[in-house]
Amino acid sequence: MRILCDKAMPNAREVLSPYGEITFKLGREIVPEDLKGIDALMIRSVTRVNADLLKHASQLKFIGTATAGFDHVDTGLLETRGIAFSAAPGNNADSVGDYVLSALLVLGERYALNLKELSLGIIGCGHTGSAVYHRLRNLFKEVKRRDPPLARQGVKGVDVSLEECLNCDVLTLHVPLNRDGADRTLHLLGEDELRVLASHGGILVNASRGPVVDNQALARVLKAYAAKGFKAWLDVFEGEPQIAVREVLPMLEGATAHIAGYSLDSKFRATHMIAESMASALKLAHPAPFKAPPCEIEEMVLHEVADVDADLLRRLVFAVYDVRRDSHLFRQRCVDGTSFDRLRATYRERRELSTVTLRGIGGTWQAILSEMGFKCV
């Protein structure tokens, strides 16, 4: 079997080589001719799967995307062609949760914010939104959640209105990109919505998909409401890898190159998930059980700490992942689409909070930090 694989999947050779010959290529550089004689294609979000890409893919039996979202894949086309498909739902939820937690702790420090006095709105309550909720729910005064598809399925507590979320002090987005239909999320936050959030000096974090927020409108509203204290932090942009609205960049509190879900653990997990799906679809032997590699910091020992103040919490989280490093690199190096992709391709892999054991935490904070992802003993 011949497998074509995105270079951005670090454990792909280890996991996939038992199935056949692997060719690696940068995901954005995969072209139709590359799929001649290929049986399985393993990609990430930068490779668009459409009729043009598949015009020479006569042998293709399986496509796996090592991402939770799959708006870059024409799944209807694959179904008509009898090509099995799998995404990796939830693989990067903890990574994104760590990212949002780190970003909000940065802003809390930067502006002397007491998160316990603030309200948080979460739009999108699937795997990623849930990971964000569990990391943050004990840090904020109240949390409001919105996810219309889940609410229709009977899930409790995710049915607040969009207006209620926009009136929260902090709003974070974790929805797929739906370009039409009842659950359309394209420009979910347009100028009107952004003005509601900005009018009371809210904070916006978008780590979902760039076009969920109208970037032109965001630039206008950030400029118009700067005196109100409106702030935004973006991991995703319209027009990636080119950033369609570059004038927004100097006005952002932080910006990164679509790497919120880029922990080493999430990448290893995603490759394993789609390998499992390929094995099931093509009736092959299943891969060896998933095992994350050892990490640089495996344990932090505290001395009988029963209460964790904001400063200690920041030090614990930043010791594992300080998002300011990625934001600084973005500011210094992202000048065009090529450099945007280079930041992703050369990303210094980070680890998740769940890879670190905390010793010496007692009281209610042991449960709170465990819910954030740390192992507490």
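In this predicted model, strand β8 (residues 170-173) pairs with β9 in the parallel sense, over four bridges. Within that pairing, L173 has N206 of β9 as its bridge partner. Both strands belong to an open sheet of six, ordered β7-β6-β8-β9-β10-β11, in which the pairing is parallel. Because β7 (142-146) and β11 (254-255) stand at the edges, each with a single partner strand, one side of each is left without a neighbour in the sheet. Helix α4 packs on the sheet, where α4 touches β6, β7 and β8, and the direction of α4 makes about 165° with that of β6.

Helix α8 (residues 215-224) has as its buried residues N215, A217, L218, A219, V221 and L222; the cover over these residues includes α7 (191-199), β9 (203-206) and β10 (231-234). At the start of α8, a side-chain oxygen of D214 comes to within 3.1 Å of the backbone nitrogen of Q216.

| Core | Size | Residues named |
|---|---|---|
| Largest nonpolar core | 50 residues | L358, L369 and F374, with the most contacts inside it |

In the largest nonpolar core, which has 50 residues, the elements that give two or more residues include α3 (93-110), β6 (119-123), β12 (299-305) and α13 (364-372), and α3 gives the most, with nine residues. Leaving aside neighbours within four places in sequence, L369 is in contact with V308, L313, L316, L358, I361, F374 and C376.

Terms used: Residues are numbered from 1 along each chain as its sequence is written. This is a predicted model: local features need pLDDT of at least 70, side-chain atom pairs count only at pLDDT 80 or more; totals for chains, interfaces and linings use all residues. Side-chain values use heavy atoms; hydrogens and water are left out. Buried means under 20% relative accessible area, exposed over 50%, partly exposed in between (1.4 Å probe, protein chains only). Contact means heavy atoms within 4.5 Å. A polar contact is a pair of N or O atoms within 3.5 Å; within protein, one must be able to donate a hydrogen and the other to accept it, and residues adjacent in sequence count only if both atoms are side-chain atoms. A nonpolar core is a set of buried Ala, Val, Leu, Ile, Met, Phe, Trp, Tyr and Cys residues joined through side-chain atoms within 4.5 Å. Two strands pair if DSSP finds at least two bridges between them. Axes are lines fitted to C-alpha atoms, for helices over the stretch in contact, and angles run from 0 to 180 degrees between N-to-C directions.
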